[in-house]
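Thanks, everyone. Let me take you through one model this morning. Please have a look at the screen.

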Amino acid sequence: KVTIREAGNSGTPNHIFCMLSSAAVGHGASIFLKTSTSNTNNRYGARIRAIRNDNNNAAADLAFSLENTGATAVAEVVRFTSDGSVGIGTTAPSSPLTIKSSSTSSADSALSIQGNSNTNIIARIAEKSTDGARFHMYDGGVEKIAFYTDGTDNHISAGSVGIGTTAPQGRLDINTEAAEAVSYTHLRAHE
């Protein structure tokens, strides 16, 4: 049921009021934006939905759904929960911002940050393998740093690395206190 009110309980002079007759948890009112002339299954477009998530009248989530790539269903892509959390790719965010990985082997499966002046990626955080992580940093669109939780191909391919110093004097500079012992398991030098 949709009502366009001139004045209402919210105090807003003009607003659209949508209400679903079912009061069950998991249901709510929706606004559907069609991108097709087809009347099949209320699909082919985007949906904004308020979802009741508790038996009290105040708790509701806000979900945004889009027609999937295969044009076979409307799938939820972003959810704002009543406690202020945001879920991307998940209906149950477990932190203020939760991004669900879309792949277990792709560097671009989760979060990418682009540079301000172009579309080059400057950092990526993603899933490496089942429940494993990867972190990449780029310069000019070229990967320079990569760390993987499974230890595969961790590298820093530009600049110097300092441990215990902010001004490394060589490719690897380990600055220790005089009383500290440093142990090397494998050190390789190239000319």
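Start with the sheet. Five strands make an open sheet in the order β9-β10-β11-β12-β13, with antiparallel pairing. The edges are β9 (111-114) and β13 (155-156). Each has a single partner strand, so one side of each is left without a neighbour in the sheet. On terms: two strands pair if DSSP finds at least two bridges between them. Strands are DSSP runs of E, at least two residues, and helices are runs of H or I, at least four residues; both are numbered from the N terminus.

Before I go on, the ground rules. This is a predicted model, where local features need pLDDT of at least 70, side-chain atom pairs count only at pLDDT 80 or more, and totals for chains, interfaces and linings use all residues. Residues are numbered from 1 along each chain as its sequence is written, and side-chain values use heavy atoms, with hydrogens and water left out.

Strand β11 (residues 133-139) and strand β12 (residues 142-148) run antiparallel, joined by six bridges. Tyr138 has Glu143 in β12 as its bridge partner.

Asp153 sits in the loop between β12 and β13. Its phi is positive, about 55°, although Asp153 is not a glycine. Most residues other than glycine have a negative phi. Is Asp153 buried or exposed? Asp153 counts as exposed, at 58% relative accessibility. Here buried means under 20% relative accessible area, exposed over 50%, and partly exposed in between, with a 1.4 Å probe and protein chains only.

Next, the whole protein. It has zero helices and 15 strands. Of its 191 residues, 18% count as buried. Take the contacts (heavy atoms within 4.5 Å) with a separation of 6 or more: 11% of them join residues 24 or more positions apart.

On to side chains. How many aromatic pairs does a search of the whole structure find? One. Rings of Phe, Tyr and Trp (its six-membered ring) pair if their centres lie within 6.5 Å; planes under 30 degrees apart are stacked, over 60 edge-to-face, and the rest tilted. The rings of Phe64 and Phe80 have centres 6.0 Å apart and planes at 75°, so this pair is edge-to-face. Phe64 lies in strand β5 (residues 60-67) and Phe80 in strand β6 (residues 74-80), so the pair ties together parts 16 residues apart in sequence. Phe64 is partly exposed at 29%, and Phe80 is partly exposed at 36%.

Now the charges. Side chains of opposite charge can pair when their charged atoms come close. The structure holds two salt bridges, meaning a side-chain nitrogen of Lys or Arg within 4 Å of a carboxyl oxygen of Asp or Glu. Arg79 bridges to Asp61, with the closest N and O atoms 3.0 Å apart. That pair links distant parts of the chain: Arg79 is in strand β6 and Asp61 in strand β5, 18 residues apart. Arg79 also bridges to Glu76, with the closest N and O atoms 2.8 Å apart. So what do Asp61, Glu76 and Arg79 form? A network of salt bridges links them. Asp61 is buried at 6%, Arg79 is buried at 11%, and Glu76 is partly exposed at 26%.
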